Structures are given as structure tokens and as C-alpha cells.
Amino acid sequence: MNKYDVTVIGSGPGGYVAAIRCAQLGLKTAIIEKYSTLGGTCLNVGCIPSKALLDSSHHYHDALTHFEKHGIGVDNVSLNFEQMITRKAEVVSQTCSGIDFLMDKNKIDVYEGRGEFFDTTHINIHKNDGSVEKIESAKTIIATGSKPGSLPFINIDKERVITSTEALKLKEVPKHLIVIGGGVIGLELGQVYKRLGAEVSVIEYMPKIVPGMDAMLSKELQKSLKKQGLKFFVSHKVTSVTNTGDGVKVTADNKKGEEVVFEGDYSLISVGRIPFTTGLGLNNIGIKTTQRGQIETNDHLQTNIENIYAIGDVVKGAMLAHKAEEEGTMVAELIAGEKPHINYNLIPGVVYTWPEVAAVGKTEEQLKEEGIAYKAGSFNMRALGRARASMDTDGVIKVLADATTDEILGVHMIGARAADMIAEAVVAMEFRASAEDVARMSHAHPTYTEAIREACLAATGDRAIHA
């Protein structure tokens, strides 16, 4: 029987990063993955393929709507959707192969199969050929991620009523895509298919889209996507979704309680994700879970079984790949006797629509609710030279700072390259910078990040130069 210091179950961003860090710290490490490719949801059917389609569809959209303004002829622009899906698959394959390389480089043993706890130090690996191999592991890290959620009355048939997994490999561009859920996944894939020619209707139960983000971001994103042709139906409660054979029928109650009917050819169910722990054998060893199916852990991500840890989407907190990576690193270092920590307030959230949306820290609503006195400074992207040069003038950056100390408490941005720019805010807040500190940093001109400086100037006392 093979014996390991640490075994990681699940090879998504949390799992493979945990395994690599364990190996770097001198621990004999194994990783178990039930699928034939490493990388988990993120690399195979999530972050990476969706960004590939977002980029491809963005190029196509720009060719139809922006190139002529730039002086580029667009007489023969055409869509080869099959090639777009093929390129997406190539990006996924290259990325997953990179994880294989990293496993070899770090001398991590990879097992293909479903990992199930036999007891607290032994794991049965159920392989695809029906055989079972048992390994021994002093410590185990559960990193099995999540799967698409649904509503009790919806039958996801994966043909007309689909999840994000099926939406990433459709054989055709929908004529009318009905998106149920105005969160990150629904908006990103909704924008992909709108750019490619579909009519897209987004139905959201809450009174705003991306409901967990600052209200300013929700308002600005909806306004921008509406200009691009997406239709929004907020404060709508979906009551049924039916596959009609060659299409779908969705019924919902609007905010007045009146029934509304939507008909399309596909319905994308994007109402969130749920922890995936099926087949792990948690009951075999008495690991505790919450009512939401999350594995209970302490501040060190340790379960009620001392030598078993859990990270990523199977535990509480935002279901984000980079959050899982931070947790994987932390657990590996804790096992090795180090003393790492994570500041969950400084894990950014991003929506990869265009304009992009990104945020870190407290929202304005949270500061009000917590009774924290604050100052706010905003800057519109349309006032930025770099944004005008690239024709990306939609967007706003808002900085929230403590009213007394000027420490930055939250940064909320929508605009071109917000996903990349948010890192500046994370660095500033990690070192507890004030709005004044960032305002006095030299930002290259012309760049999008100048808008962060301008928003900080505004937060320090209406000092923005270009507003």
C-alpha cells in the first residue's frame, strides 16, 4: 500500500495548488481526481473555457460594431461558431496539460478515480475500470469543489434546459436564450451569446443583478449590458421551466404578482452552485456538514476530524478559484508547521463581462449597515484619455475610505480591464494604504489605472483633476 504525508482529493485550483505547495514543503503528496483531466471545474468547464468564449465573442462583436470606426474594413465578417468552440477546447486542453506538467515537476503521484474515505487515514480509490486501490495518508485535504445549483421544480435535461457546462459546448447559437439568474455565470454567458446574435433575456429574483456587489456596480452593469441589447427582468420569481421539444417555456411572477411567460429555444439555469461531496464517504468517518452541504471547518480549515482539512467551494465563503488557491496554500503551510493567514475581506470578486466588474473590501451598503463613517470618491471612465482612445468609455471607479483615518475600506470598479486593475486596490488595502497614499502615487499616462488615482483624489476631498 502506498503511503503519503498528504493526499488531496480534487484537482481544481484549490486542490492542485495545495498539492504543489505540500510538495514544495517536502511532504510526500498524492492527488486524486475522478475525471481523466486535471484542473477541476475552473479549468475544464468554468473559468478558462468561459473566458475563451468571452474573448472570441468580444473580437467578433468589435469587428461588427467598432472596427469601421477605427478605419478597418468589415465587409466580409462572418461567424464560424464551430471554430470558436474548437479554439475554446484547445485553450482548455493546453491549460490542463500544464497541470499535468506541474504534477510531474513536483513529483506528485496522480490517481484517476473517485476517492472515498475508508477510515480517517485510508482512502479507497474507485477507478474507472471497476478496480479499487487503497492508499494510506497521514493528512487529507478535501478539495472537491462545487456543481451547478438548481431549483426544486426545474428538470435540467442538458438539452434545452441547461447549465453552464452545456452552455460552453452548444452546437448552435441560440435564437433566444433565457437566463435564469442574474449572477456572474449567467451574465458572462449571456453576453457571449448576445454578441453572437442571440436574443438574451435575464430573469433575476432579486431587485438587482449581481446582488452581492455594491449597488453602484449593479446599476452601471445593467445599464451597460442593456445598451448592448440584453433584456432584464428583475424582481421576477420563476415558477416553472418546461422543455417543449424544440424550445423552452418559462413562467414567472413579476413584482406585482402577475404571471409572465417567456419562450425561447434554450434556458440557462445559473442560480448559483452547491458543494460537491457525493461519494466521498464523509459519513464513514463522521465529518460534519452544514444544512447547505458545506463541510464544517475551523479557522484553520480543519474539519472535526483532526487530520482532515477542506478548502474551496466545499467550505463556507465565496466560490472563487483564487479563494480556493489561497486556502490550499494556507492548509499546506499549516500542515508543514508554518503560521499563514488569509484576510477574506481582501479577496476580490470579478465579473468578466465587458465592461468588466471588480471589487474588493466593503460595499457602501455594508459600511452603512455597520455604522462606519466613510468618504466616497468616484471617477467616470468617459473622462479618461485611455478609455476614449480605446472606445471603452462605459464605467465608474468608486473608492470608499474611512472618514477619520482615510484608510481605504473598499474599491468598486466597472470598466475596461477592471479585472486586472483590482489588484492595485488589493495591494493598497493589504498594506492599509490611505486614499491619499494612492492619490500621491505616480500612475503612467495614459492608462486605465489613472482612474483609480482620480477616484482616490475625489475621496480625499473632491480633488479629482480630470472630473
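**Entry 1: the second largest pocket**

I sorted the lining of the second largest pocket by residue class and got 16 nonpolar, 16 polar and 13 charged residues. I note that this is a predicted model.

Next I looked up the volume. The second largest pocket holds about 1,100 Å³ of space. I then asked which residues are closest to its centre. Of the 45 lining residues, they are Thr353, Trp354, Glu356, Gly415 and Arg417.

I also went through the helices around this pocket. Those that give two or more residues to the lining are α3 (47-65), α6 (184-195), α7 (215-227), α9 and α12 (418-430). Which element gives the most? I found α3, with 8 residues.

**Entry 2: α1 against α9**

Helix α9 came up in the pocket lining, and I followed it to a helix pair. I reminded myself that two packed helices are described by the angle between their axes and the distance between the axes. Here α1 (residues 13-24) packs with α9 (residues 321-335) at about 30 degrees. Their axes lie 7 Å apart.

Why do I call the pair roughly parallel? Angles under 35 degrees count as roughly parallel, so α1 and α9 qualify. I logged their crossing as right-handed.

I listed the contact residues on each side. From α1 come Pro13, Gly14, Tyr16, Val17, Ala18, Arg21 and Cys22. From α9 come Ala321, Ala324, Glu325, Gly328, Thr329, Ala332 and Glu333. Last, I sorted this contact by class: 8 residues are nonpolar, 3 polar and 3 charged.

How values were computed: Residues are numbered from 1 along each chain as its sequence is written. This is a predicted model: local features need pLDDT of at least 70, side-chain atom pairs count only at pLDDT 80 or more; totals for chains, interfaces and linings use all residues. Side-chain values use heavy atoms; hydrogens and water are left out. Axes are lines fitted to C-alpha atoms, for helices over the stretch in contact, and angles run from 0 to 180 degrees between N-to-C directions. Helices (H or I, at least four residues) and strands (E, at least two) are DSSP runs, numbered from the N terminus. Angles under 35 degrees count as roughly parallel, over 145 as roughly antiparallel, 65 to 115 as roughly perpendicular and the rest as oblique. A crossing is left-handed if the near helix is turned anticlockwise from the far one by less than a right angle, and right-handed if clockwise. Contact means heavy atoms within 4.5 Å. Ala, Val, Leu, Ile, Met, Phe, Trp, Tyr, Cys and Pro count as nonpolar, Asp, Glu, Lys and Arg as charged, and the others, Gly among them, as polar. On a 1 Å grid over the protein atoms alone, a cavity is a set of points where a 1.4 Å probe fits but cannot get out, and a pocket is an open set with protein on both sides within 12 Å along at least five of seven lines; lining residues have an atom within 4 Å of a point. Grid points are joined across faces, edges and corners, and a volume is the space filled by probe spheres set on the points.
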